[in-house]
Amino acid sequence: MGLRGTVRVPGDKSMTHRAFLMGGIAEGTTVISNALLGADCLASLAAVEALGAHVQQTEQEIRITGTTALKAATIDCGNSGTTIRLLSGILAGSQETYTLTGDESLQRRPMDRVTVPLATLGADIEGTYAPLTIHGQPLVGTTYTLPVASAQVKSAVLLAGLFATGETTVVEPILSRDHTERMLPKFGTDLTIQEQEQGRKIRLQGPVRLQATEIDIPGDPSSAAFWWAAAILGADSRITTEHVLMNPTRTGFLQVLRQMGASVEITNRRETAGEETADVTLMTTSLQAVAIEGEQIPSLIDEIPLLALLATQAEGRTVIRDAAELRVKETDRIETVVSTLRKIGAQIEATEDGMIIDGPTPLVGATVDSAGDHRLAMMLTIAATLQPEIEVLGNEVVEVSYPTFYDDLKTLQQTNP
Ligand code: S3P
């Protein structure tokens with residue numbers, strides 16, 4: 001049965017985290033609408049509340065009155081890498097001692113990628129895996145060149161720079177999502193951004209206090225991606241996702257869909273919170289294999305589980321490389337994607353930094369487990385819309401980034417052409 005209809009996916013996860021965390025340290029009351037209230041972002045909201053910000057939640061909006069007198073606290077970041085890494089930057093230059101921890105998956109993810117650069121500003125952080133203990137210290141700005149394309153690391157350093165004396169500079173050889181750079185000016189902070197041969201250079205002068213603002217969060221392209229894939233793979237399907245963030249650092253997946261032969265209809269382009277948004281429609285298409293590599297990877301990193309599923313139905317050999325970062329996501333997504341897709345009939349091999357998929361192969365029934373990884377649970381559920389004999393265990397984990405995923409799926413299954 002095909003999927004047809006229109007969905008408005010929840011607010012963007014990366015932007016919601018940043019709006020909550022920046023609102024938490026801004027002077028005045030920040031008003032945020034269309035925030036994502038998934039478990040990850042709620043961890044950021046609870047964190048700023050524990051640190052002394054005042055949070056008011058209504059059905060329409062979240063109002064955060066920020067503070068810089070951040071109280072000593074032990075904070076559970078749950079499953080959220082963005083919360084722990086961005087918060088480490090914020091707390092490094094504060095006055096108290098803080099402990100940041102998280103669930104089993106988060107405790108296995110590397111934190112030295114933020115503790116090492118923060119130490120160059122003078123931070124005193126114990127631990128290379130969560131729990132981290134941060135002894136707030138006076139910081140001095142420095143220049144840091146990112147060794148991996150990571151928006152979380154870039155953001156941690158820039159946020160620490162708000163509390164540091166002098167200039168903090170981040171050099172980014174490969175562009176990663178740029179929501180922090182776009183949102184800081186909304187909170188009244190001037191950044192200087194220069195494009196250079198060695199990459200993008202982002203500079204800010206500290207110390208500086210953020211000023212409260214209003215932010216309307218557009219739909220998350222990484223959530224809409226599930227419906228785009230479902231529309232392409234389903235028989236007689238057509239799905240429109242409304243008001244989706246079209247930031248070029250996030251739309252690599254749409255470019256690859258075009259390369260694979262899909263026709264991507266983009267309508268109703270407009271601007272929200274300094275970001276472009278649009279309605280995006282995809283429909284049933286037969287796909288060609290493609291190579292996905294290099295500088296493309298950061299712009300579609302969270303969509304690689306879905307790309308692997310699409311590749312199982314594409315004609316030819318799809319090769320994904322330069323994506324070793326997948327090994328340090330909520331799960332080792334090279335291993336979990338390969339092992340689950342293989343169980344449901346895919347011809348797929350893991351490589352050190354990616355995977356190789358030969359298609360098309362018919363999907364077969366099997367019981368597969370999300371391994372506690374939200375994006376894996378949703379990708380496997382899309383596979384189950386094609387092969388109803390696929391059973392997905394552990395799918396409650398969609399709560400992390402898309403709590404209404406199964407409601408939206410039901411609506412699309414029930415919508416008549
Ligand atoms: C995110 C950055 C990316 C992404 C994650 C969210 C962010 O991680 O995979 O889901 O909001 O900054 P890295 O910074 O580790 O690349």
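Predicted model: local features only at pLDDT ≥ 70, side-chain atom pairs only at ≥ 80, totals over all residues.
How much area do domain 1 and domain 2 bury between them, and what percentage of it is on carbon and sulfur atoms?

1. Domain 1 and domain 2 bury about 2,100 Å² between them. Carbon and sulfur atoms account for 51% of that area.

2. From domain 1, 23 residues take part in the contact, and from domain 2, 24 residues do.

3. **Charges and polar atoms across the interface.** Four salt bridges are found across the interface of domain 1 and domain 2. There are also 14 residue pairs in polar contact across this interface, with both residues at pLDDT 80 or more. On the side of domain 1 that touches domain 2, helix 1 (13-25), helix 2 (39-50) and helix 7 (179-186) each supply at least two residues. That side of domain 1 is made up of nine nonpolar, six polar and eight charged residues.

4. **Salt bridges to look up.** The whole structure has 29 salt bridges. One of them pairs K13 with D40, whose closest N and O atoms are 3.2 Å apart. Because K13 sits in helix 1 and D40 in helix 2, this pair ties together parts that are 27 residues apart in sequence. Another salt bridge to display joins the side chains of E275 and R182, at 3.4 Å from N to O.

5. **Aromatic rings.** The count of aromatic pairs comes to six. F226 belongs to helix 8 (residues 221-233) and F405 to helix 13 (residues 405-414), so the pair ties together parts that are 179 residues apart in sequence.

6. **Cis peptide bonds.** Which residues does a cis peptide bond join, with omega about 0°? G359 and P360 are joined in this way, and P360 is placed in the loop between strand 21 (354-359) and strand 22 (366-369). The peptide bond from A130 to P131 is also cis, its omega being near 0°. You will find P131 in the loop between strand 7 (124-126) and strand 8 (132-135).

7. **A positive phi.** Most residues other than glycine have a negative phi, and most peptide bonds are trans. D236 is a residue other than glycine with a positive phi, near 50°. To find D236, go to the loop between helix 8 and strand 14 (238-245).

Notes:
Residues numbered from 1 in each chain as written. Heavy atoms only, no water. Contact = heavy atoms within 4.5 Å. Buried area = accessible area lost by both parts, 1.4 Å probe. Polar contact = N/O pair within 3.5 Å; in protein donor to acceptor, adjacent residues only side chain to side chain. Helix = DSSP H or I, 4+ residues; strand = E, 2+ residues; numbered from the N terminus. Nonpolar A, V, L, I, M, F, W, Y, C, P; charged D, E, K, R; others polar. Phe/Tyr/Trp six-rings, centres within 6.5 Å; stacked < 30°, edge-to-face > 60°.
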